[in-house]
Amino acid sequence: MGTVLTVIFYAIVMVLVFGVLIFIHEFGHFFTARLCGVAVKEFAVGMGPTVFSWKSKKHDTRYALRAFPIGGFVSMVGEDEESEDENAFCNKSVWKRMVIVVAGAVMNLILGFLLMLVVVLMQPKIGSTIVADFTADAVSNQQLMVGDEIIRVDGTRVHSGNEVMYEITNKGYEPIDIVVKRDGEKVTLNNVVFSTVEEDGILFGNIDFMVLEESRSFPNLMKQTFFRSVSTVKMVYDSLVGLVSGRFGMDAVSGPIGVAEVVGSAAKTDYLSFIYIVSVLTINLGVVNLLPFPALDGGRFVLLAIEGIRRKPLNRNVEGYINFAGLIILFAFMIFISFKDILKLIFR
């Protein structure tokens, strides 16, 4: 009975969280479309059969909630067909269409930043990049010293304790170069070694020192929020690179079911963990949607950029085939990942 209630709880949390993230994304498209004078036929959250809907007489737009919380859409006049309506999407300038296309992902990134700000504000301490002390089993203290201000980790500029922790965790499974400021001078420490931890067959660096606390001034809070958000964007990028390079296997990829379990667990643990996970999710959604892949916003942006360079529209049929092929690949991938998540839940 407890397991059933847990599954129901996870499902409710997933629907609510995904619903908000999808709404924010689609609202970005909707708002900029209206701002650019594009007529919108429907603004829908969810996919599949319509649960309920209503139509605005003022703008002739239908607002709908659909059955499956796996996406949403803003249907614009002239988006997928030719139209003589001056308010049609296809008749707007290329730059306006490009703004409309990326607005959804930008809204997700903005939401992620605001949620990250909440996390930073609610944390009792924020870490600097200055080494304060080492753990009893530390190995990096053979080169690092107390008082070192870490500037770069394996070539990546770091501005906060959170970034230091992430970069060492992500890259410190093998010797890395670290640039520090020591006694007012920049010093490059070559091949700094950290101990490692293994998780699901993947090695990660184990950070073995603490950093000094940073004052909670307004500039520091904004700095921490901005660079934690940037670090999260980088984390999404690093994960994609890790998948392509083979560092991460498919077991490291989660679909809606796996994500629901993580979000649900965070919601049961504490509100700060929950807000952080949702922040990571919305930033992830924004970054992935900007990838130059057919059917994603980034793919449509690339096609519009090509149209702008050529100074004439692409063939509608060719564009439709490209986006349809991308959509099929995305749905097939989602089904595969969801099936994997279900098997993991059953046999663990």
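Predicted model: local features only at pLDDT ≥ 70, side-chain atom pairs only at ≥ 80, totals over all residues.

Tutor: Two packed helices are described by the angle between their axes and the distance between the axes.

Student: Why is helix 2 called roughly antiparallel to helix 6?

Tutor: Helix 2 (residues 94–122) and helix 6 (residues 271–289) pack at an angle of about 155°, and their axes are 8 Å apart. Angles over 145 degrees count as roughly antiparallel, so helix 2 is roughly antiparallel to helix 6. The crossing of these two helices is left-handed.

Student: Which residues of helix 2 and helix 6 make the contact?

Tutor: Helix 2 contributes residues including A105, L109, G112, M116 and V119.

Student: Which residues of helix 2 and helix 4 are in contact?

Tutor: Among them are L109, G112, F113 and M116 of helix 2, together with L221, F226, R228 and T232 of helix 4. By class, this contact has 11 nonpolar, five polar and one charged residues.

Student: How do you know that helix 2 and helix 7 are roughly antiparallel?

Tutor: Helix 2 packs with helix 7 (residues 297–310) at an angle of about 170°, with the axes 9 Å apart. Since the class begins over 145 degrees, the two helices are therefore roughly antiparallel to each other. Their crossing is left-handed.

Student: How many charged residues does the contact of helix 2 with helix 7 have?

Tutor: There are four charged residues, beside eight nonpolar and one polar. The contact includes R97 of helix 2, and D297, R300 and E307 of helix 7.

Student: How much space lies in the second largest pocket, and what lines it?

Tutor: About 280 Å³ of space lies in the second largest pocket. Its lining has 13 residues, with G127, G161, N162, M165 and V211 nearest the centre. Strand 3 (126–134), helix 3 (161–171), strand 10 (209–214) and helix 4 (218–245) each give two or more residues to the lining. By class, the lining has six nonpolar, five polar and two charged residues.

Student: What makes E42 a contact of R66?

Tutor: Contact requires heavy atoms within 4.5 Å, and E42 is among the residues in contact with R66 once neighbours within four places in sequence are left aside. Others include A44, G46, P49 and F73. R66 is found in strand 2 (residues 61–76).

Student: How far apart are R66 and S53?

Tutor: R66 and S53 are 13 residues apart in sequence, and their C-alpha atoms are 8.6 Å apart in space.

Conventions. Residues numbered from 1 in each chain as written. Heavy atoms only, no water. Axes fitted to C-alpha atoms, helices over the stretch in contact; angles between N-to-C directions. Helix = DSSP H or I, 4+ residues; strand = E, 2+ residues; numbered from the N terminus. Parallel < 35°, antiparallel > 145°, perpendicular 65-115°, else oblique. Left-handed = near helix turned anticlockwise from the far one by under 90°. 1 Å grid on protein atoms, 1.4 Å probe; cavity = no way out; pocket = protein on both sides within 12 Å on 5 of 7 lines; lining within 4 Å. Points joined across faces, edges and corners; volume = space filled by probe spheres on them. Nonpolar A, V, L, I, M, F, W, Y, C, P; charged D, E, K, R; others polar.
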